[in-house]
Amino acid sequence: MSVKDAIFAGMTMGEKNGIPSYRMFIGGQWVESTNGETFEVVCPESREVVSYIAKATIDNASKAMEAAYLARKEMEYLSPVKRSEILRKAALLFQAHQDEVIKRVVLETGKPISEAHHEIAAAIKRLEYAAEEAKSIKGESIPGGTISDAGVKQTALLTRKPLGIILGITPFNYPCFIPMSKIAPALAAGNTIVIKPASSNPSPVLYLAKFLQEAGLPDGAINVVTGEGAELGDYLSTHPKVNMISFTGSSKVGNRIARLAGKVQLHLELGGKCPGIVSQKADLDLAAKECVKGGLKFSGQRCDSLSRFLIEEKVYDKFVEKVLLEVKKWKIGEIFDEETQIGPLINESALMKVLDLIDDAVAKGAKVSLGKEIAKDSLLMSPVVLTDVTTKMRIAWEETFGPALSLIKVKNFEEAISIANMSEYGLDSSVFTQDIDEAMYAANHLESGTVQINAAPAHGLGNFPFGGDEESGMGREGIGYSVYDMTKVHSIVFNPKK
Ligand code: NAP
């Protein structure tokens with residue numbers, strides 16, 4: 001499978017030194033930048049260029065908005081069953097050609113291939129579910145006379161209409177699944193979408209557009225604008241034709257969008273500093289296994305990564321021992337090796353941020369109990385276990401986004417909950433205890449969008465609603481929830497004479 005296959009016709013401007021040079025997708029056409037510029041995507045493992053991408057200008061972004069605007073009525077009046085058929089057909093094409101997309105995710109993200117397999121499988125499933133959801137958008141009726149006798153003959157019919165144009169802006173860490181979790185519900189609900197993927201790894205989204213194009217989606221219903229957020233972001237997020245912005249990324253950028261966006265619906269999935277709380281009544285083997293998985297999956301480059309652990313002092317030493325044993329089982333290696341679990345970080349500044357947080361913690365008394373080997377000129381960092389971490393250290397509060405686990409000793413369970421809630425973030429929390437009363441206490445008192453009892457955070461396909469509060473964002477995503485959010489109520493009131 002390669003981008004040269006017939007199905008992918010038009011997507012590239014050809015190759016430069018054997019490296020594909022991708023176009024953007026606007027108004028049903030594969031187009032180049034209006035000034036002819038491209039930018040490079042570098043593989044985090046080899047540090048070599050693996051793709052060239054058309055670099056959108058404001059003119060390209062404007063054309064994408066115009067195309068989405070022109071297509072919005074056609075999408076609104078496309079029957080739910082037709083929308084469903086198109087999404088289902090796109091899912092079949094994606095399934096058949098997934099190897100090419102997996103390869104791009106691995107190369108551009110430095111994501112170990114086993115992880116990339118999971119991401120792509122989830123993205124295909126999400127598309128299939130959206131195809132079902134397109135047919136299940138329903139309304140309701142309200143009888144008159146419920147607040148006064150005068151309206152007793154009235155009946156209101158409430159239908160759900162698409163919002164219009166959705167702007168999706170997505171981060172680097174799940175370059176296929178996160179865009180899909182915006183594109184699929186937007187189209188299922190009859191909207192059009194303009195999507196801007198992260199510049200580190202934009203090509204997977206171009207493939208999603210290709211599958212939808214081949215499946216018969218009307219021109220302009222999906223538009224992919226590839227280019228720098230810093231250059232295009234303000235233009236896109238303040239565009240007067242946008243009806244909803246669905247953003248996933250850092251709190252810094254999300255807050256900027258929220259300040260600038262004006263009168264549009266906002267969905268913000270932002271950063272996190274998720275705690276793992278370990279009670280003295282926990283099954284410590286299970287807790288250690290899940291905490292390590294929650295901290296190390298995709299090298300900790302996940303918003304819902306567990307990066308601070310609050311452990312009751314009675315079991316602290318025993319838990320540390322178990323964590324060290326678990327971490328040693330994780331395989332560091334090459335990204336195309338199916339056994340590899342830990343690959344490189346996305347770029348130099350991500351690595352520097354993690355090292356800086358570790359240095360701050362060590363300077364303030366934390367111990368590096370394991371890890372921190374970095375090969376020369378590499379972004380591959382071995383997992384670090386920091387013990388004796390205290391709340392005076394930056395790593396206890398700042399998003400780490402790397403394979404570093406910070407273990408904090410607390411006096412009791414109540415103190416753990418209290419420290420967990422002191423964070424400015426509020427995305428996920430995991431609680432490990434075998435005591436149902438403690439579990440209920442934690443669930444009722446933790447200030448986070450999701451509380452997991454005896455497991456690491458995992459959002460899977462979105463079968464449970466997912467999202468955060470405070471600096472972690474606003475709104476919830478998930479099967480059903482996203483489609484609901486991307487529609488609005490339309491009231492039709494009947495006023496019969498008789
Ligand atoms: P990021 O730097 O905030 O970038 C996210 C997206 O925003 C990219 O497409 C980026 O484009 C774009 N962007 C940059 N500046 C912009 C601006 N001024 N206006 C509009 N868009 C702009 O985040 P990241 O480093 O890719 O991803 C990591 C972050 O995402 C972490 O904080 C993580 O917690 C968060 N995240 C949250 C969730 C969640 O569900 N809560 C899930 C995944 C990730 P460029 O790439 O071109 O700069």
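This is a predicted model: local features need pLDDT of at least 70, side-chain atom pairs count only at pLDDT 80 or more; totals for chains, interfaces and linings use all residues.

Visitor: How are the rings of Phe 8 and Tyr 207 arranged as a pair?

Guide: The centres of the rings of Phe 8 and Tyr 207 lie 5.1 Å apart, and their planes meet at 85 degrees. The pair links distant parts of the chain, with Phe 8 in the segment before strand S1 and Tyr 207 in helix H6, 199 residues apart. Since planes over 60 degrees apart count in this way, the arrangement of Phe 8 and Tyr 207 is edge-to-face.

Visitor: Is Phe 401 buried, partly exposed or exposed?

Guide: Phe 401, in the loop between strand S17 and strand S18, forms a pair with Phe 172, with the ring centres 6.0 Å apart. The relative accessible area of Phe 401 is 22%, and buried would require under 20%, whereas exposed would require over 50%. Phe 401 is therefore partly exposed.

Visitor: Over which ring does the charged end of Arg 72 sit?

Guide: A charge counts as over a ring only if, among other conditions, it is within 6 Å of the ring centre. The charged end of Arg 72 is 3.8 Å from the centre of the ring in question, which belongs to Tyr 69.

Visitor: About how much accessible area do Leu 157, Ile 492 and Phe 494 have together?

Guide: Leu 157, which is found in strand S8, counts as partly exposed at 36% relative accessibility. Together with Ile 492 and Phe 494, Leu 157 forms a nonpolar patch on the surface, and the accessible area of the three is about 240 Å².

Methods. Residues are numbered from 1 along each chain as its sequence is written. Side-chain values use heavy atoms; hydrogens and water are left out. Patches are made of residues with over 30% relative accessible area and no salt bridge: like charges are joined within 9 Å, nonpolar side chains (Val, Leu, Ile, Met, Phe, Trp, Tyr) within 5 Å. Accessible areas come from the Shrake-Rupley method with a 1.4 Å probe; for residues, only the protein chains shown count as cover. A salt bridge is a side-chain nitrogen of Lys or Arg within 4 Å of a carboxyl oxygen of Asp or Glu. Helices (H or I, at least four residues) and strands (E, at least two) are DSSP runs, numbered from the N terminus. Buried means under 20% relative accessible area, exposed over 50%, partly exposed in between (1.4 Å probe, protein chains only). Rings of Phe, Tyr and Trp (its six-membered ring) pair if their centres lie within 6.5 Å; planes under 30 degrees apart count as stacked, over 60 as edge-to-face and the rest as tilted. A charge sits over a ring if NZ of Lys or CZ of Arg is within 6 Å of the ring centre and within 35 degrees of the ring normal.
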